[in-house]
Amino acid sequence: MMLDLNLLQEKLRAKRILIIGDVCLDWYLFIDPERSEPSVETGKPTKAVKTSRYSPGGAGNVAANLASMGVGNVAAFGVCGDDPFAGALSNALESCGVENRLIMQTDSWHTNVYTKAIENGEEDRRLDFGNYNQISERTI
């Protein structure tokens with residue numbers, strides 16, 4: 001059986017998919033060790049961020065991949081916090097062509113963020129936000 005890619009693309013454009021799950025934000029920090037200097041407060045060397053970028057993670061990454069494959073309408077449904085990262089997550093989803101269907105929980109919830117510092121091509125220990133989230137009855 002021969003695969004007709006044109007037919008497959010046409011069928012994908014006609015689909016509407018809603019991804020429900022753990023929508024996260026991956027925050028990549030690209031560190032320049034040459035710009036490190038001693039911290040005035042601690043005396044420890046700083047990590048100078050040269051550039052950074054956000055990208056959808058978790059279920060958001062699945063949604064972004066479907067949108068990049070040409071699915072006609074992709075939406076991501078999940079919970080975010082009332083914090084600055086919620087806006088960054090929303091923008092990251094929309095920049096990938098994913099419709100934002102996030103529900104904001106204002107108490108006991110922090111937007112799930114996985115902060116990844118990259119220095120000399122290697123990823124350092126991750127900083128995770130959202131490990132202590134408690135979904136409220138009102139959100140459910």
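Here are some questions and answers about the predicted model shown above.

User: Before we start, what pLDDT do local features need in this predicted model?

Analyst: Residues are numbered from 1 along each chain as its sequence is written, and side-chain values use heavy atoms, with hydrogens and water left out. Since the model is predicted, side-chain atom pairs count only at pLDDT 80 or more, totals for chains, interfaces and linings use all residues, and local features need pLDDT of at least 70.

User: Thanks! Which residues of the largest nonpolar core touch the most other members?

Analyst: A nonpolar core here is a set of buried Ala, Val, Leu, Ile, Met, Phe, Trp, Tyr and Cys residues joined through side-chain atoms within 4.5 Å. Buried means under 20% relative accessible area, exposed means over 50%, and partly exposed is in between (1.4 Å probe, protein chains only). In soluble globular proteins, nonpolar side chains tend to be buried together. The largest core has 25 residues, and the members touching the most others are V23, L25, V74, L93 and V98.

User: Which element gives the largest share of this core?

Analyst: Helices (H or I, at least four residues) and strands (E, at least two) are DSSP runs, numbered from the N terminus. Two or more core residues come from each of β2 (23-31), α2 (59-68), β4 (73-81), α3 (84-95), β5 (98-105) and β6 (113-119). The largest share is 6 residues, and the element giving it is α3.

User: What does V98 contact, leaving aside its neighbours within four places in sequence?

Analyst: Contact means heavy atoms within 4.5 Å. V98 is among the core residues that touch the most other members. With those sequence neighbours left aside, its partners are A63, A64, A67, V74, A75, A76 and L93.

User: Which residue has a side-chain oxygen reaching a backbone nitrogen at the start of α3?

Analyst: The buried residues of α3 are F85, A86, A88, L89, S90, A92 and L93. Just after this helix, G97 takes a positive phi of about 85 degrees. At the start of the helix, the backbone nitrogen of F85 lies within 3.1 Å of a side-chain oxygen of D83.

User: Which residues do ring pairs link into a cluster?

Analyst: Rings of Phe, Tyr and Trp (its six-membered ring) pair if their centres lie within 6.5 Å; planes under 30 degrees apart count as stacked, over 60 as edge-to-face and the rest as tilted. Searching the whole structure gives 3 aromatic pairs. The cluster linked by ring pairs consists of W27, Y54, F85 and F129.

User: How far is R53 from the ring centre of Y28?

Analyst: A charge sits over a ring if NZ of Lys or CZ of Arg is within 6 Å of the ring centre and within 35 degrees of the ring normal. R53 lies over the face of Y28, and its distance from the ring centre is 4.2 Å.

User: Is D26 buried or exposed?

Analyst: D26 sits in strand β2. Beyond residues up to four places away in sequence, D26 touches R53, Y54, S55, P56, G57, Y114 and K116. Its relative accessible area is 11%, so D26 is buried.

User: What is the relative accessible area of T115?

Analyst: T115 is in strand β6. Not counting residues up to four places away in sequence, T115 touches W27, L29, R125, R126, L127 and F129. T115 is buried, because its relative accessible area is 4%.

User: Which side chain joins that of D124 in a polar contact?

Analyst: D124 is in the loop between β7 (122-123) and β8 (127-129), and is partly exposed, with a relative accessible area of 36%. A polar contact is a pair of N or O atoms within 3.5 Å; within protein, one must be able to donate a hydrogen and the other to accept it, and residues adjacent in sequence count only if both atoms are side-chain atoms. At 3.2 Å, the partner of the D124 side chain is that of K47.

User: Where is N120, which has a positive phi although it is not a glycine?

Analyst: The phi of N120 is about 55 degrees. N120 is exposed, with a relative accessible area of 67%. Its place is the loop between β6 and β7.
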